[in-house]
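Trainee: Hey, could you walk me through this one? I've never looked at it before.

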Amino acid sequence: MSTDSNPKAVSKEKKRENAWKDLPHVWALMKPRRGLLALGFVLMAINRVSGLVLPASTKYFVDNVILRRQIHLLTPLALAVLAATIMQGLTSFSLTQVLSKSAQKMITELRKQVQAHIGRLPVSFYDANKTGALVSRIMSDVEGVRNLIGTGLVEFVGGLMTAAIALVYLIHTSVEMTAVAFGILVLFGVGISQAFKTIRPIFRARPKLTAEVTGRLTESLSGVRVVKGYHAEEREEKVFSSGVQRLLDNVLKTLTATSLMSLSGAMLLGIVSVLMMELGGHKMLAGTMTPGQWFAYSAFLGFLIAPVFQIVAIGTQITEAITGLERTREILNEKIEDDAPGRKITMHRVNGLVEARHVSFAYEERKEVLHDISFTSESGTVTALVGPSGAGKSTIIGLIAAFYVPSSGKMLVDGVDLSTVKLSSYRTQLGVVLQETFLFDGTIRENVTFSKPNATEEEILAACRIARVDEFAEAFEQKYDTVVGERGVKLSGGQKQRVSIARAILADPRILILDEATSSLDSESEALIQEGLKYLMRGRTTFVIAHRLSTIRRADQILVVEAGHIIERGTHESLYALGGRYYDLYTKQHAVETNLFLAPGESTALDEVTSEASAGGNGRDTADAIRILRGQSG
């Protein structure tokens, strides 16, 4: 029967193929350290040969010194055993120092490699993977790999070498007894091989379970305020308990399997010992074997059996290592954003002309969220996206930021298809303030300078002044060196938003994306920041997702998005006059009937008021800050 028609055969063939696929990766890890490995094997050979001196001396001690009274051999034998023991200890210490430390360095390098690779993967990869699972991939999966270069592999190979030397000695001493012992070992070896085929899938499942549990725990700890807000501590306890219970069940299965293998090994040792005692006793009584030969034979037999016990322990470790390597290889095989064959164009200077030509996009196959979107945003203009939640506004922003590639159609910047651009050259000219404000667990200064690490103090303070960060930062004891806590937990929502805006301002981007950038601000703070943003938007192509009139009213064009379609486009005045979907959204969200916001036609008057305000102190401060950021003198 062909393997194509036999699912089990296909599965076995696939596993065998995967095992062979791992060999180049194993060699790639070992190749830079082949010198250390060679040294390790030399030290191991010396260690193993030294370890054979004691059992080999047993024959001469019993037969020559004890039975034949050759006392002159006692001191040389004792000194030889002492020298061999010292040599064995020194080589064991050297092996640990050389290989174990090298293995830990390899783990560190591999973690760096995996983290760097994950950091360059597209946003869609993060959409499909939990943060905790990725942390587990980086920190845990590589741990077992140390056994590929550490003392585990070398000890195992050393055990096999010692067994080979012991086998030669045993055959030389008694072919009959060795044939019996070796036959039993072969049968046990076949059983162990079958056992590992059973246990290997269990080991493969453990990292996945660990990643799931870690992922949920990370989410639970990150969202502790939501958990406590809904008094869901008990529910989270149950979810976590269920996860760790599944992990425990997996561990118990592996412990049961390894315990059974250890039990089998102990029984094997007992059976072989009894048989060797029976056969050896008959030979000694028949005069074909001396007592010294029997003692030496028994000692060497132990070296032949020892690798069987090592297979249970080290074989398990190597299985874990290979499993971890498989999962690590899966991550490293993911294509990074700039790895796409077509991404060859470097954008040295972005002017800011953005076009969408018949763009459609789906997060999942056959589930489009954007349908044939087309628009043009001229360089230096402001485009506002409005519409109900889930309409596709943030997806459009994601495409402009090149977080995603259109399923069909093209997203162009300065006439260049973004799917052909090297993202490192494009994103350095992009400023993003997202709806979900994210701050790192560092100082205010570190979070602001994240977009421009080499910024001068003057530039930093200027950006903070525009975004009104100075208003609260200056009040802290540590001022801009105040630690904001994980995700900026020590700041209010509005304060975090201001820091995020300052970060974008400092980047001095050619294309600016504001996704509900002022959603966490009160009306007074928003009015102040809008003054700075007005200056910032000049000369830049800006995309805004916002519902407040203060931003939308000034936009050069407004795109009304609904159910993945652009159903209306135009200025505030033209869309309001149209009386369509924008009019409905505007009147509902901004309550024109209560005069909370200006009606069409009043914008000119407001602009005059704003201009007059700009002539005052606040306007001068902001204008000065902008000039500093742009490298202009006063």
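This is a predicted model: local features need pLDDT of at least 70, side-chain atom pairs count only at pLDDT 80 or more; totals for chains, interfaces and linings use all residues.

Trainee: Okay, how many helices and strands does the chain have?

Mentor: There are 23 helices and 10 strands. Those are DSSP runs numbered from the N terminus: helices are H or I with at least four residues, strands are E with at least two.

Trainee: And how much of the chain is buried?

Mentor: Buried residues make up 43% of the 634 residues. Buried means under 20% relative accessible area, with a 1.4 Å probe and protein chains only.

Trainee: What order do the strands take in the six-stranded sheet?

Mentor: The order is 6-7-8-3-9-10, in an open sheet with mixed pairing. Two strands pair if DSSP finds at least two bridges between them. At the edges are strand 6 (430-433) and strand 10 (565-570), each pairing on one side only.

Trainee: Which way do strands 6 and 7 run, parallel or antiparallel?

Mentor: Strand 6 and strand 7 run parallel, joined by four bridges. Gly-431 stands opposite Leu-512 in strand 7.

Trainee: What about the four-stranded sheet, what's its order?

Mentor: That open sheet goes 2-1-4-5, with antiparallel pairing. Strand 2 (367-377) and strand 5 (416-417) each have a single partner strand, so one side of each is left without a neighbour in the sheet. Strand 1 (residues 354-364) and strand 4 (residues 408-413) pair over five bridges, and Glu-355 stands opposite Leu-412 in strand 4.

Trainee: Which strands of that sheet does helix 12 touch?

Mentor: Helix 12 touches strand 1, strand 2 and strand 4 there, and its direction makes about 65° with that of strand 2. Contact means heavy atoms within 4.5 Å. Angles run from 0 to 180 degrees between N-to-C directions, and axes are lines fitted to C-alpha atoms, for helices over the stretch in contact.

Trainee: New topic: which residues touch the most other members of the largest nonpolar core?

Mentor: Ile-444, Val-448, Val-469, Phe-472, Val-499, Ile-558 and Tyr-582 do, in a core of 38 residues. A nonpolar core is a set of buried Ala, Val, Leu, Ile, Met, Phe, Trp, Tyr and Cys residues joined through side-chain atoms within 4.5 Å. Helix 17 gives the most to this core, with six residues.

Trainee: Is Ser-500 buried or exposed?

Mentor: Ser-500 is buried, with a relative accessible area of 3%. Its place is in helix 17 (residues 493-507). Not counting residues up to four places away in sequence, Ser-500 touches Val-433 and Thr-437.

Trainee: Last one: at what angle do helix 3 and helix 5 cross?

Mentor: Roughly 145°, and the axes of helix 3 (residues 74-119) and helix 5 (residues 131-139) come within 8 Å. Arg-111, Val-114, Gln-115 and Ile-118 of helix 3 make the contact with Leu-134, Ile-138 and Met-139 of helix 5.

Note on methods: Residues are numbered from 1 along each chain as its sequence is written. Side-chain values use heavy atoms; hydrogens and water are left out. Buried means under 20% relative accessible area, exposed over 50%, partly exposed in between (1.4 Å probe, protein chains only).
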